[in-house]
Amino acid sequence: MKGSLLRLVTIAQNTLTEALRQRVLNVIFLSGLIMVGGSFFLTNLTFQEEFKFLKDLGYAAISITGTLVALMGAAQLIPAEIERRTLHTLLSKPVHRFEFVLGKYLGLIALITIMLGIMSLMFGAVLYVKEQIVLAGLQGVAESEQGRQVIASVLAQSRDPQLLQALALIWAKLAVITAISVFFSTIATSTIFIVCTTLVVYFIGHLQSVARQVWLQDMHTASFLKNSFLAMVAFLIPDFQTYNLIDEIIAGNNIRWGSTLEILTYSVIYVGVALVTASLIFEDREL
Amino acid sequence: MVPIPSEHKAVETIGLSKKFKLQWRRGYFMALEPLDLVVKQGEIFGLLGPNGSGKSTTIKLLLGLLKPSAGSATVFGLKAGSIEARKRMGFLPENPYFPTFLNGLEVLRYYGKLSGLSGKFLEQRMEELLELVDLQESRHRTLKTYSKGMLQRIGLAQALLHDPDLLLLDEPTAGVDPLGSRQIRDILLNLKKRGKTLLFSSHLLEQVQEVADRVAILHQGQKLREGSLADLLEVPEQIQIKLQSEGHTVEEIRKILTDAGISQVEISKPQMKLEDYFIRSLPERKQGGHV
Amino acid sequence: MRPWVWAVIVFTAWTAVKVPWEMRLARERSLLMYGTEVPMSFQMRDQLGQGLTIAALGGFRGIAANFLWLSVTTAWEDRQWVRLRSLAEMVVILQPRVSFFWENAGWHMAYNASVAAEQFNQEDRGKNNVESRRWIMQGIELYERGIQALPDQHKLYEMLALVYQQRLGDYAKAAHYYQVASQKNGAPVYLERFVGFSLEKAGKDREAYDYWVKLWQSAGEHGPGPRRWKMIEEHIRKLENKLNIPLDKRLFVN
């Protein structure tokens, strides 16, 4: 058990090192940072617009960057191990195959967590500077009741603790995408194939709730073919709309931590199932 | 042949075979016909054969990278491919590719940890092996800058980290220049001296001849021959005499032989192997290092 | 058993939980986002195409709405009111839960567009008034829809009250909406006074008086502060005189 943990950590560490020394992932990360920072330069807007636009852009930048890393990370690193046959060397050691799959996943999650952390800090800094600029402009009205209202609404927007929930939700969504990407990497060897299939799942995942509703409603009248297709989608593919609570948070509406935690639990279980399945399939694979 | 007691068997395969499904059209490709093979502890065993003869397949089956279609294989009595078996095996893959983003030291640490080593013991072991394969000076260079021979040697070090009793080497000298090749050969012989069992594959017959105690010859998935090199290569009905002499002595011998009624007498100067010649021609220098 | 058989078993077990769970999450989400359990895509069954587009935009709906909103602002600058109206419509469909979009879309209609409409026609001023009123009603409609999407926030009620008060002179309605607004969480305190002012302006002195008294009695302390009790006291005194409230029933006798 302890040995297994040590090997997991070793593989995860190595994955992280490899990813950090990879040019593609670094370029993606840098452009993400630039996007987050660039959102600062939105001009000509009212302060309400400004904060909403800033948050939308910031979160989109974080989410796009994270998604790209999640997609590319697994799709690049796992087939490379097989193709360069470093996997042969690795599996000639007393290492279980599931330890390889899990270790790779953990390494990628560590990478994503680090990138998310750095981008969030940057985003926080942008919000703070913007807030200070807006507040400086409001100094004249600070005495009146209306003015206090305005200042309170600025602070509510710039220091909304719910933004942490939004980050947690982005992280969970990325964790699921990474798991799907790792899953496909254990059955395929082509990077492009893995990226494409994961992308397809990503897009269908955003429509999954519609498919599910149509399936449940028309189950008795629809054709067998339609039913089976919709059922497949409902059963296999995660419902990415679940993470749309992020929109709500950015809009400034109240979301309970309970809801966020439930979605985190859902994500962790989905990831678990995907990884167990991936490991089992990988166990049988000939290398 | 005298049966080998099972406690002396390092590797044993019984009817081990592998067929691959062909894609697109139905049918199978026999990569390895049922193979019976025994490698004794402490010997150097060579798997000989051209590309695609089943050498690599056999090694992969022993490592558990492939699952046998039929038959079984054991390593020191343990199921081949099991974790327990792998604990006692070291493997040098063909044209070893290692994480090129790491340097020599990092690679050894990585594989050492995966082999269950850690802490001071691991660091000490890494030191020993770097010395053994003569790579102390290149330890901080990333593997991207290593030559083929150096890669092969770091590969050997990696395979030896956990001090395995059995070493599997897939084409250990393929693509390595003679000097590097000789260095590797010396390491292998040295390991044998320390009681390790070595199983390697090669298509370079000459190199096999230099180190192997016994060989098996594979061709298109079938084992054609097996035995000790001395037995296999002996030319029956011929005797070879080598002399440190010149001049009329040779003529006298020829006369004696002809008089005795032996018709085919061939006398020539023994030729050095080109490899030996090449290595002797090099200027005196420390062998190894930056090849 | 072969590993892949296990894989199938694990996945099947998960799917048994997955779909019901996702449905629960979706119900909760739709309750949160639209105030109703009916899933979004059913409300929009006729506009399924639209629903799909929105869904496909995934997490980037906000950005799409923002860019459309920039066009709304351009349309305003160019005084293209019809274009502004349809752009605003797209924005609020994309993000119905962003109060700011409703607030400003309604404001553009009820104020900017309707004021502009008053000068549309130099000759026929009557026609202008009809046109102007149409734009005001557009604004009111937007506020009302916004209120449906965000029933718990005071802002849109306040803006609706303001339109009735400033643009239509309907102080009774204004008072009603100020009152609703003042009861929402986080509503600024001045709204409670606006109810009384509006009732007085509507000529409903009796109601205004009752309201002020009730407001006065709802608090124990009447010291200085943002609730401005001094001002309220003056209004109560004024109305007590105006309505000839018997002395024994007055709040302030001297």
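Author: Let's start with a rule: two strands count as paired if DSSP finds at least two bridges between them. The model we will apply this to is a predicted one.

Reader: What makes β3 and β8 of chain B a pair?

Author: Five bridges join strand β3 (residues 44-48) to strand β8 (residues 197-202) of chain B. The rule asks for at least two, so the two strands pair, and they run parallel. For one of the partners, look at B:Ile44, which is bridged to B:Leu198 in β8(B).

Reader: Why are β6 and β10 of chain B called edge strands?

Author: The open sheet of chain B has the order β6-β7-β8-β3-β9-β10, with mixed pairing. In chain B, β6 (89-92) and β10 (222-228) each pair on one side only, and that makes them the edges.

Reader: What packs on this sheet, touching β3, β7 and β8 of chain B?

Author: That is helix α6 (residues 178-193) of chain B, whose direction makes about 150 degrees with that of β8(B).

Reader: Over in chain C, how do you know that the length of helix α5 agrees with what it should span?

Author: Happy to check! At 1.5 Å a residue, the 14 residues of α5 (residues 81-94) of chain C should span 20 Å, and the end C-alpha atoms are 20 Å apart, so the two agree.

Reader: And why do you say that the buried residues of α5(C) line one face?

Author: They are C:Leu84, C:Leu87, C:Ala88, C:Val91, C:Val92 and C:Leu94. Seen down the axis of α5(C), they fall within an arc of 150 degrees, so they line one face. The face turned away from that buried side carries the exposed residues C:Val82 and C:Ser86.

Note on methods: Residues numbered from 1 in each chain as written. Chains lettered and ligands numbered in written order. Predicted model: local features only at pLDDT ≥ 70, side-chain atom pairs only at ≥ 80, totals over all residues. Helix = DSSP H or I, 4+ residues; strand = E, 2+ residues; numbered from the N terminus. Contact = placed C-beta atoms within 7 Å. Axes fitted to C-alpha atoms, helices over the stretch in contact; angles between N-to-C directions. Expected span 1.5 Å × (residues − 1). Buried ≥ 20, exposed ≤ 12 C-beta atoms within 10 Å, placed from the backbone. Arc of directions from axis to C-beta.
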